[in-house]
Amino acid sequence: MIITRPKTIEEILTMLEKFAPSPICVVGCGICARKIQTGGETQVTSLVDELRSHGLDVLDGKMVKHACSATSWDELSEEVPALAQASALLVLSCGAGVSLLGRISGKPVLPGLDTTSIGGALGDDISEGLCSMCGECDVAIYAGLCPKSGCPKSQVNGPCGGSSDGDCEVGGRKCIWARIFETLDSRGLLALLDDTRPPVCHDRRL
């Protein structure tokens, strides 16, 4: 799941003033953004109403099944021919969805959300930053707890000097290395940490 958070209405209004001809259509995404309630039906309707209250010409608000799928966009375009009248799209999805629609819609596309990380959902709880997309997944060594995404310094060979009593020096979180140690210890697998890991190879992301 890709984690997003809403841009402020001031940010959106500034973007629309700079970049978007009217009328615009607000497009939500039916997958991740809908799940975490940043780009579902409720958020699309609310944003349409707010933009109209600021005097903007908003054609409509629609949901695309997957903003990151060309097929979903084609299906929505067939279902809603009026989309062709929109001069620009304001998209409530992750950056991948915004970028794809920017390539295939033939219209100016603006992001209504900021993409922050890859995370997951456990019931109504959303966990952020579960993967850093490093291109070199070795999370099995760390009991499934990725230090590249879970540690602010992306330490791959143990905690830094800022860790204290199992807490990260960055407030409000437990040190991921304390969790890794506890989990591996409970499984009798601490030997997995004996070898020194090389630095992250960022070329793998290319």
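1. The axes of helix H1 (residues 9-19) and helix H3 (residues 41-53) come within 12 Å of each other and cross at roughly 65°, and the crossing of H1 and H3 is right-handed. These values, like those in the points below, come from a predicted model.

2. On the H1 side of this contact are Ile-9, Ile-12, Leu-13 and Leu-16, which meet Leu-47, Glu-50 and Leu-51 of H3. By residue class, the contact of H1 with H3 comprises six nonpolar residues, no polar ones and one charged residue.

3. A search of the whole structure returns one aromatic pair. Tyr-142 and Trp-177 make up this pair in an edge-to-face arrangement, with 5.5 Å from centre to centre and 85° between the planes. The pair links distant parts of the chain, since Tyr-142 lies in the loop between strand E7 (125-131) and helix H6 (147-150) while Trp-177 belongs to helix H7 (residues 176-186), the two being 35 residues apart. Both Tyr-142 and Trp-177 are buried.

4. Ser-93 sits in the loop between strand E4 (88-92) and helix H5 (95-104). Its relative accessibility is 1%, and Ser-93 therefore counts as buried, the cut-off for that class being under 20%.

5. A polar atom of the Ser-93 side chain lies 3.3 Å from the backbone nitrogen of Val-98.

Definitions and conventions. Residues numbered from 1 in each chain as written. Predicted model: local features only at pLDDT ≥ 70, side-chain atom pairs only at ≥ 80, totals over all residues. Heavy atoms only, no water. Helix = DSSP H or I, 4+ residues; strand = E, 2+ residues; numbered from the N terminus. Buried < 20%, exposed > 50% of the residue type's maximum accessible area, 1.4 Å probe, protein only. Polar contact = N/O pair within 3.5 Å; in protein donor to acceptor, adjacent residues only side chain to side chain. Phe/Tyr/Trp six-rings, centres within 6.5 Å; stacked < 30°, edge-to-face > 60°. Axes fitted to C-alpha atoms, helices over the stretch in contact; angles between N-to-C directions. Left-handed = near helix turned anticlockwise from the far one by under 90°. Contact = heavy atoms within 4.5 Å. Nonpolar A, V, L, I, M, F, W, Y, C, P; charged D, E, K, R; others polar.
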